[in-house]
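Please open the structure in your viewer and keep the selection panel at hand. The stops below are meant to be taken in order.

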Amino acid sequence: MLVEKAVYFKSGLSPCQLLSAVLSAGLQGLNSKNQILLGSGRDAIWILLQDLRRCGYKRVMLPSYLCPSVISPFEKTGTSYRLYKVDRDLRVDLDSIKALSKEEKSPLLVIHYFGFPQQMDELLEFCERNELILIGDCAQSFLGKYAGTPLELIGDYGILSYRKFLPVPKGGALTIRAESDADRLCSIRLQEANYAESLFSTVTLMMKFLHSKSGLRPLRLITTLVNHLQDFLETDGFPERMDLITRRVMSKIDLDEVFRSRRENYEFIEKQLELEEVTPLHPDLPREVCPYGFPLLAEGRDSLVEFLRRRGIETSVDWRLPDYVTKNFPVSREISRRILTLPVHQQLRRDQLLYILESIEAWART
Ligand SMILES: Cc1ncc(COP(=O)(O)O)c(C=O)c1O
């Protein structure tokens, strides 16, 4: 075992949390008639696309700032898409959407990046007026609200990815507004959960928890072995049901506490970070936002990511865009070139946040 500092991007799973989840019998607050619990956010997009195709929609409008996970279900279901513009704050460009929808009435998917909602009043009004289906991708905006309503309940469909916010091995959901759509979608055949994959993912989450708490890193051999086995067991196949480990752990988590501590951590970084070399993408945190991370822009982003990695700090680059996107959308290209996301998750301690900030200052001095 080696002792070292470790700051992960997502929270780990404590053995106590796992034990109490396994011993608990209930699955309170998870099942709702208009929500299908699945293995991932990709599964949610997949079954939605299958259903849209059956209803005659072969194409969807997507933002020109997006991750490969959003695109993969399109490739698997053979659904095509057209990209619309986003601006420098990652807000959707309504004019660009208007231009696309003049040619064809395709469903519109919007992403609430990093937990920050899009301008939903305008979008709802536009979609209603033009009879367009509105899909809210809330993979990065779990627990967030817009004018008092949970983001995933705004529009016709909502996509959720729980593992981005909670220490669960897998987990996503599709929320559906109309009862008739819900009845149809709930009858889609799903694969059983892949328990081998969930189990290894659970072990990894526990190792991360112990590493970041104690600084004791399991031997590299063990980490490598577990990671390899997890990759090997990962099936990117047919959409699957949410596994029982994820359900159990989720039902034991205090979500108010998750919301509160993520916001506190975001605000702490925001107050302390005063460097010319880095610019927060969102300097203000609106009251109803539960942040996924702290996105910032930096020239020489890759060198900062590597500098922090060498100090045991994991960050996330959301996202490196494919060439066909960067070629046609200069604003998206510019953000993608400079963006990185710092962790703000609920398990971070004050000393870890200070260590992240000190490390960024050390990078700026190099
Ligand atoms: C915006 C967005 N939508 C959907 C997904 C897919 O979620 P999952 O990783 O649970 O499949 C992701 C994952 O990175 C995402 O960032």
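This is a predicted model: local features need pLDDT of at least 70, side-chain atom pairs count only at pLDDT 80 or more; totals for chains, interfaces and linings use all residues.

**The ligand.** Select the ligand and the residues around it. The shell holds 14 residues, and the closest are Ser 40, Gly 41, Arg 42, Ala 139 and Ser 161. Helix H2 (41-54), helix H3 (68-77) and strand S9 (157-161) are the elements that give two or more residues to this shell. Colour the shell by class: five residues are nonpolar, six polar and three charged.

Next, select strand S5, residues 108-111. Leu 108 and Val 110 point one way, Leu 109 and Ile 111 point the other way, and all are buried. In a regular strand, side chains alternate between the two faces of the sheet.

**Helix H10.** Move to residues 255-272, which form helix H10. With 18 residues at 1.5 Å a residue, H10 should span 26 Å, and its end C-alpha atoms are 26 Å apart, so the two agree. Which residues of H10 are buried? Select Phe 259, Arg 262, Asn 265, Tyr 266 and Ile 269. These cover an arc of only 140° around the axis, so they lie on the same side of H10. An α-helix has 3.6 residues a turn, so residues three or four places apart point the same way. Turn to the other side of H10 and Asp 256, Glu 257 and Lys 271 are exposed.

Finally, show what the buried residues of H10 pack against: strand S13 (294-298), strand S14 (339-342) and helix H14 (350-365).

Key: Residues are numbered from 1 along each chain as its sequence is written. Helices (H or I, at least four residues) and strands (E, at least two) are DSSP runs, numbered from the N terminus. The expected span of a helix is 1.5 Å times one less than its number of residues. A residue is buried if 20 or more other C-beta atoms lie within 10 Å of its own, exposed if 12 or fewer, and partly exposed in between; C-beta atoms are placed from the backbone. The arc is that of the directions from the helix axis to the C-beta atoms. Two residues are in contact if their C-beta atoms, placed from the backbone, lie within 7 Å. A residue is near a molecule or strand if its C-beta atom, placed from the backbone, lies within 6 Å of it. Ala, Val, Leu, Ile, Met, Phe, Trp, Tyr, Cys and Pro count as nonpolar, Asp, Glu, Lys and Arg as charged, and the others, Gly among them, as polar.
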